[in-house]
Amino acid sequence: MSKEPDRIFAQPLAQVPDFAFNEDVVRVFPDMIKRSVPGYPTIVENLGVLAAQFAQPHSVLYDLGSSLGAVTQALRRHVRSEGCKVIAVDNSAAMVERCREYLNGQNSMFQELLPVEVIEGDILALQFEPASVVALNFTLQFIAPEQRLALLGRIRQSLLPGGALILSEKLRFNDTQEHALLTDLHIAFKRANGYSDLEIAQKRSAIENVMKPDSLEEHRERLLAAGFSTVVPWFQCLNFASLIALP
Ligand SMILES: C[S@@+](CC[C@H](N)C(=O)[O-])C[C@H]1O[C@@H](n2cnc3c(N)ncnc32)[C@H](O)[C@@H]1O
Ligand SMILES: O=C(O)C(=O)C[C@]1(C(=O)O)C=C[C@@H](O)C=C1
């Protein structure tokens, strides 16, 4: 994985463009996401551990919005069910190209890894195969809010009995004080990871039009409306959380 540090917003920009998963972001993405999302390494590793509990033999495991394949790699480290295959999907050509390079490197070093297919495509247009595990790790927040329920409905329809959706997201809070407190603490987390106030402010304006977080209550209600029977938060660190949703 690239070790290049994220300096994308370090210099003052006359106009901050909308955030995009382009080549500049791809180059620094492992550093960016680790320094921006509290608990990210714990979420990714344990997503693999949880997935191993739900993976059914001879089924598909989806990594939707796979970026550089961190979740796919965690699935490969932990899932031991026979005959499973990972399908990783992302609509950023730059992400997909680099993700394929990393995974091919792994394939040549290790035998007996789960086979992986990396698809460059829109998860909104995907024809889902019957799946036992679906991971949406910080991806749903980039989908237009009005498209989220239909996507979750299609995921629910594709899930096999005994399977699970694992959904990680940045959260918004309905209580104004709670929202302000956790936003401030998230800024403190970013500062402690070496981001300047300018970087934090410019990243916020870049992202506010393209990433729309929901509250935990909205997630729960939408997942139930999509046909899931059980929704269980298994991780929260500041304003970032991960949920398990069962069919
Ligand atoms: C924050 S990143 C996900 C991080 C990644 N899952 C991980 O754990 O390292 C969001 C990803 O979702 C992808 N994405 C956003 N909208 C998408 C869509 N409609 N279809 C496919 N991928 C999408 C972006 O290109 C980006 O790579
Ligand atoms: O809230 C932020 O500032 C973030 O950087 C969050 C977040 C995310 O949650 O995916 C946004 C974009 C980058 O992909 C990395 C992290």
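Mentor: A residue is called buried when its relative accessible area is under 20%, exposed when it is over 50%, and partly exposed in between (1.4 Å probe, protein chains only). The structure above is a predicted model, in which local features need pLDDT of at least 70, side-chain atom pairs count only at pLDDT 80 or more, and totals for chains, interfaces and linings use all residues. Residues are numbered from 1 along each chain as its sequence is written, chains are lettered from A and ligands numbered from 1 in the order in which they are written, and side-chain values use heavy atoms, with hydrogens and water left out.

Trainee: Which residues of α3 are buried?

Mentor: Helices (H or I, at least four residues) and strands (E, at least two) are DSSP runs numbered from the N terminus. In α3 the buried residues are V71, T72, Q73, A74, L75 and R76. They pack against α2, β1 (60–64), β2, α4 (93–109), β3 and β4 (131–137), where contact means heavy atoms within 4.5 Å.

Trainee: How should I read the packing of two helices, and at what angle do the axes of α2 and α3 cross?

Mentor: Two packed helices are described by the angle between their axes and the distance between the axes. Here the axes of helix α2 (residues 40–54) and helix α3 (residues 70–78) come within 8 Å of each other and cross at roughly 45 degrees; the axes are lines fitted to C-alpha atoms over the stretch in contact, with angles running from 0 to 180 degrees between N-to-C directions. That angle makes α2 oblique to α3, since under 35 degrees counts as roughly parallel, over 145 as roughly antiparallel, 65 to 115 as roughly perpendicular, and the rest as oblique. The crossing of α2 and α3 is right-handed, meaning that the near helix is turned clockwise from the far one by less than a right angle.

Trainee: Which residues of α2 and α3 make the contact?

Mentor: From α2 the contact involves Y40, V44, E45, L47, G48, V49, A51 and A52, and from α3 it involves A70, V71, A74, L75, R77 and H78. By class, there are 10 nonpolar, 2 polar and 2 charged residues in the contact of α2 with α3, with Ala, Val, Leu, Ile, Met, Phe, Trp, Tyr, Cys and Pro counted as nonpolar, Asp, Glu, Lys and Arg as charged, and the others, Gly among them, as polar. Another residue of helix α2 is N46, which is partly exposed at a relative accessible area of 30%; N46 and V71 are 25 residues apart in sequence and 9.7 Å apart in space, C-alpha to C-alpha.

Trainee: How many salt bridges does a search of the whole structure find?

Mentor: Side chains of opposite charge can pair when their charged atoms come close. The search finds 8 salt bridges, each a side-chain nitrogen of Lys or Arg within 4 Å of a carboxyl oxygen of Asp or Glu. E45 and R77 form one of them, at 2.8 Å from N to O, and, because E45 lies in helix α2 and R77 in helix α3, the pair ties together parts that are 32 residues apart in sequence. E45 is partly exposed at 29% relative accessibility, and R77 is partly exposed at 39%.

Trainee: Where do D31 and R35 lie?

Mentor: Both lie in helix α1 (residues 23–36), 4 residues apart, which is about one turn of the helix. An α-helix has 3.6 residues a turn, so residues three or four places apart point the same way. The side chains of D31 and R35 meet in a salt bridge of 2.7 Å, N to O, and both residues are buried.

Trainee: Which parts of the chain does the pair of E117 and K85 link?

Mentor: The side chains of E117 and K85 meet in a salt bridge of 3.4 Å, N to O, and this pair links distant parts of the chain, with E117 in strand β3 (residues 116–120) and K85 in strand β2 (residues 85–90), 32 residues apart. E117 is partly exposed with a relative accessible area of 34%, and K85 is partly exposed at 29%.

Trainee: What is the phi of H58?

Mentor: Most residues other than glycine have a negative phi, and most peptide bonds are trans. H58 has a positive phi of about 60 degrees although it is not a glycine; H58 is found in the loop between α2 and β1 and is exposed, with a relative accessible area of 57%. L238 likewise is not a glycine and has a positive phi, of about 55 degrees; L238 is found in the loop between β6 (230–237) and β7 (240–246) and is partly exposed at 24% relative accessibility.

Trainee: Is S67 buried or exposed?

Mentor: S67 is buried, with a relative accessible area of 12%, and lies in the loop between β1 and α3. Leaving aside its neighbours within four places in sequence, S67 is in contact with F29, D90, M95 and C99.
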